[in-house]
Amino acid sequence: MEVPISMSQPPESERKDDQNQNQNQNENQNPLVFDASVLSHEPNIPNQFVWPDHEKPSANPPELPVPIVDLGGFLSGDSVAAAEASRLVGEACRKHGFFLVVNHGVDAALISDAQRCMDSFFELPLCEKQRFQRKIGDHCGYASSFTGRFTSKLPWKETLSFRYSADKNSSNIVKHYIQSSMGEDFNHFGKVYQEYGNAMSNLAMGIMELLGMSLGVSRAHFKEFFEEDDSIMRLNYYPPCQKPELALGTGPHSDPTSLTILHQDAVGGLQVFVDDEWHSISPNSTAFVVNIGDTFMALSNGRYKSCLHRAVVNNKTPRKSLAFFLCPKKDKVVSPPTELVDSKYPRIYPDFTWPTLLEFTQKHYRADMNTLQAFSNWVHHHHHHKPPAPGLA
């Protein structure tokens, strides 16, 4: 896999040591606390949030020309509109994996409810939010930056993440998680994000049909693969930063998941690395930004790109975004359909299950643009040197 810029990653064993050391440091000293209500007004920012010069944000990046895919005709069964939508999606995915969808069928009132609930959560005092603190190695709960896990190149953000499942036995999973961890006061909050998750999962299934058509496999292939998806929802909050030219809201990475459906507020800050430079994707309140993740890149045998992206911050206005990360059911083996493997496109990545890749990013590796390649090497190493770990195909 070609990589556009290099980010030094120590070997996995050292990273684990670092991580343990970070945790020990945090237990031995007062750990750094990311309290947005204080830090957003500080004229100087702690060193842990200052990024190296070659990764600092650039002023006024050009706009990325991303296709705007109108899903209206496709969703109403128009085969000509479906063919055109899949052509646009395929073009974007071969180049950088980012596109916008409009007329997507998601109720505008639901989107604004989801944005409002996000405001009400992140405006709570830090001690309230910390009641839902994400545990090391877990991907659900509240995280203020990643102060517990890393000590440098920290993101200037807070997140709240929860699991979503389309399995019929888990039809209230978001609602139950929020009510049980946050209490009765958050009943409305739970209801909104349960509905939002259902809407995102449905939208993702439609996009999977378009991806199947555009790759020349059956329209149903990927949709069936992701049925009963076991996905992740994340609320991102990027507070103002008085030194935005030194910090990043989210560092450069590709998403390890399969498909990301993002709703940005009006502030802007998403940037994508294409043709050796950073480009911005401006907010569009009627659209979702969709991008391919590493797991789908593996499913497409490398034909579709999981692209490097990041979020920048500003010194005036908080920025918020809602992300839905589509992931397959835990036992599904990620392996490309036979139509996508031939002498011109031999297999690039090993078979794996999503929980194994997720664990790799939570415990062994900080997601960047090399995640999938590093994971493939790790799987290969485990196959050749040890009995396969549970979850490895």
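Strand β8 (270-274) is joined to β11 (residues 309-311) by 3 bridges, and the two strands run antiparallel. The model is predicted: local features require pLDDT of at least 70, side-chain atom pairs count only at pLDDT 80 or more, and totals for chains, interfaces and linings use all residues. Residues are numbered from 1 along each chain as its sequence is written, and side-chain values use heavy atoms, with hydrogens and water left out. Strands (E, at least two residues) and helices (H or I, at least four) are DSSP runs, numbered from the N terminus. Two strands count as paired if DSSP finds at least two bridges between them.

Across the β8 and β11 pairing, Q271 stands opposite R310 in β11. Both strands belong to an open sheet of 4 strands. Its order is β6-β11-β8-β9, and the pairing is antiparallel. Strands β6 (250-253) and β9 form the edges, each pairing on one side only. From one strand to the next, the twist averages 25° (axes are lines fitted to C-alpha atoms; angles run from 0 to 180 degrees between N-to-C directions). Strands of a sheet pair through backbone hydrogen bonds, either parallel or antiparallel.

D275 lies in the loop between β8 (270-274) and β9 (277-280). Its phi is near 50°, a positive value in a residue other than glycine. D275 counts as exposed because its relative accessibility is 58% (exposed is over 50%, buried under 20%, partly exposed in between; 1.4 Å probe, protein chains only).

N103 also has a phi near 50°, positive in a non-glycine residue. This residue sits in the loop between β2 (98-102) and α5 (108-122). At 48% relative accessibility, N103 is partly exposed.
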